[in-house]
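Good morning, colleagues. Please look at the model on the screen, and I shall then go through its secondary structure, its surface and its aromatic contacts.

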Amino acid sequence: MSAPTHTRSHRPAADSVEIRLPWWAVALPAVVFAALLLMILSPGQAQAATAAPAFGQLIELTFQLLFR
């Protein structure tokens, strides 16, 4: 008979924290940040909005409701 062997569990130790994120949890915020940075750095290409004023009012009302 062979002696029992100890196998290591795949769980981290009690005093450490292991965080595993999917690839898109890092990639999507990075892409959005890069897009916003690009829009800030090149404001000369901005054009006036042609949407109806009701759309702008809807967005403004939404912000007012969310950030009261």
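Helices (H or I, at least four residues) and strands (E, at least two) are taken here as DSSP runs, numbered from the N terminus. The model is predicted, so local features need pLDDT of at least 70, side-chain atom pairs count only at pLDDT 80 or more, and totals for chains, interfaces and linings use all residues. Residues are numbered from 1 along each chain as its sequence is written, and side-chain values use heavy atoms, with hydrogens and water left out.

The protein has two helices and zero strands. Phe67 lies in the segment after helix H2 (53-66).

The accessible surface is about 7,300 Å², with 67% belonging to carbon and sulfur atoms. Buried means under 20% relative accessible area, exposed over 50%, and partly exposed in between. Of the 68 residues, 0% are buried. Phe63 is partly exposed, because its relative accessibility is 48%, whereas Phe67, at 64%, is exposed.

Finally, there is one aromatic pair (ring centres within 6.5 Å; planes under 30 degrees apart are stacked, over 60 edge-to-face, the rest tilted). The ring centres of Phe63 and Phe67 are 5.9 Å apart and their planes meet at 25 degrees, so the pair is stacked.

Conventions: Buried < 20%, exposed > 50% of the residue type's maximum accessible area, 1.4 Å probe, protein only. Areas by Shrake-Rupley, 256 points an atom, 1.4 Å probe, with all protein chains shown as cover. Phe/Tyr/Trp six-rings, centres within 6.5 Å; stacked < 30°, edge-to-face > 60°.
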